[in-house]
Amino acid sequence: MKLRRALPADAPALTEICVRTGHRGQDARGVYSDPDLLAAMYLLPYLALEPDWCWVGEDESLAPAGYIVGTPDTRAFSARAEAQYWPALRARRPLPPHDDMRLQARLTRALHSSPPSSLPFLDSHPAHLHIDLLPQAQGQGHGGSLMALFIEALRAAGVPGVHLGVSAQNPRAIAFYRHVGFETLQDAGWGLWMGRRC
Ligand SMILES: CC(C)(COP(=O)(O)OP(=O)(O)OC[C@H]1O[C@@H](n2cnc3c(N)ncnc32)[C@H](O)[C@@H]1OP(=O)(O)O)[C@@H](O)C(=O)NCCC(=O)NCCS
């Protein structure tokens with residue numbers, strides 16, 4: 001797999017990867033009524049606001065088969081997204097009724113709640129990331145390569161640590177993160193906040 005920086009033109013292909021892996025590592029189509037909201041929340045803001053921190057893995061036909069996106073500074077990213085990104089998206093996806101407990105409604109509620117810029121480990125682990133590979137690209141070392149690239153870039157930038165959130169119902173990803181050096185920082189109930197030093 002060839003790794004390269006993501007480009008704005010990659011957005012549709014990366015959205016597809018995000019959706020096909022967005023439900024606990026599995027396909028979110030048919031689970032969410034509007035699965036593209038997953039990409040609008042967990043992928044596209046990074047392409048828009050942190051283009052230097054977005055990489056793509058291409059398969060033999062040069063089609064994107066995976067990506068890693070993130071930010072070296074979660075607090076600064078959250079502030080910029082609050083000013084430049086979330087308001088327009090929230091306006092397009094209004095809050096659902098409070099008794100709607102479907103996954104789509106929960107996701108939309110997460111969109112409208114403030115991002116977790118007050119997490120207690122942001123001084124030691126200020127960066128965060130999202131990583132996803134299409135099923136046919138998994139289990140061949142590509143996730144490890146994308147992660148190593150991202151961590152090396154953080155190290156070169158002098159960033160002390162990185163965190164991520166992972167669903168409790170995605171044990172495969174949790175095991176992968178442990179294998180590449182992440183440990184649990186906090187049990188969030190819905191899943192884990194994990195982190196590692198750079
Ligand atoms: C999770 C994911 C990014 C891992 O990437 P991957 O390409 O499948 O993992 P790799 O093949 O690069 O594995 C890298 C290393 O981790 C190890 N590893 C991978 N998955 C593992 C697991 N479930 N348990 C233990 N070790 C694991 C590999 O053995 C390998 O070890 P090595 O470097 O010592 O040989 C990928 O499977 C994926 O995109 N899954 C679906 C989407 C998802 O769940 N994303 C995370 C959302 S929070």
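**Exercise 1. Find which residues have the most contacts inside the largest nonpolar core.**

Step 1. The largest nonpolar core has 43 residues. Such a core is a set of buried Ala, Val, Leu, Ile, Met, Phe, Trp, Tyr and Cys residues joined through C-beta atoms within 7 Å. A residue is buried if 20 or more other C-beta atoms lie within 10 Å of its own, exposed if 12 or fewer, and partly exposed in between, with C-beta atoms placed from the backbone.

Step 2. The residues with the most contacts inside this core are Leu 38, Tyr 67, Ile 68 and Val 69.

Step 3. The model is predicted: local features need pLDDT of at least 70, side-chain atom pairs count only at pLDDT 80 or more, and totals for chains, interfaces and linings use all residues. Residue numbers start from 1 along each chain as its sequence is written.

**Exercise 2. List the contacts of Ile 68, leaving aside its neighbours within four places in sequence.**

Step 1. Two residues are in contact if their C-beta atoms, placed from the backbone, lie within 7 Å.

Step 2. On that basis Ile 68 touches Trp 55, Leu 129, Ile 131, Leu 146, Met 147 and Phe 150.

Step 3. For the protein, 67% of the contacts with a separation of 6 or more are between residues 24 or more positions apart.

**Exercise 3. Give the strand order of the sheet and its edge strands.**

Step 1. The protein has 8 helices and 7 strands. These are DSSP runs numbered from the N terminus: helices are H or I of at least four residues, strands E of at least two.

Step 2. The 7 strands form an open sheet with mixed pairing, in the order β1-β2-β3-β4-β5-β7-β6. Strands pair if DSSP finds at least two bridges between them.

Step 3. At the edges are β1 (2-5) and β6 (183-187), each pairing on one side only.

Step 4. β1 runs antiparallel to β2 (residues 54-58), and 4 bridges join them. Arg 5 has Trp 55 in β2 as its bridge partner.

**Exercise 4. State which strands helix α7 lies across.**

Step 1. Helix α7 (residues 142-156) lies across β1, β2, β3, β4 and β5 (161-167).

Step 2. Its direction is about 160 degrees to β4. Axes are lines fitted to C-alpha atoms, for helices over the stretch in contact, and angles run from 0 to 180 degrees between N-to-C directions.

**Exercise 5. Name the residues that come nearest to the ligand.**

Step 1. Around the ligand are 20 residues, with a C-beta atom, placed from the backbone, within 6 Å of it.

Step 2. Gly 25, Gln 138, Gly 143, Gly 144 and Ala 175 come nearest.

Step 3. Elements giving two or more residues to this shell are β4, α7 and α8 (171-179). The largest share, 5 residues, comes from α8.
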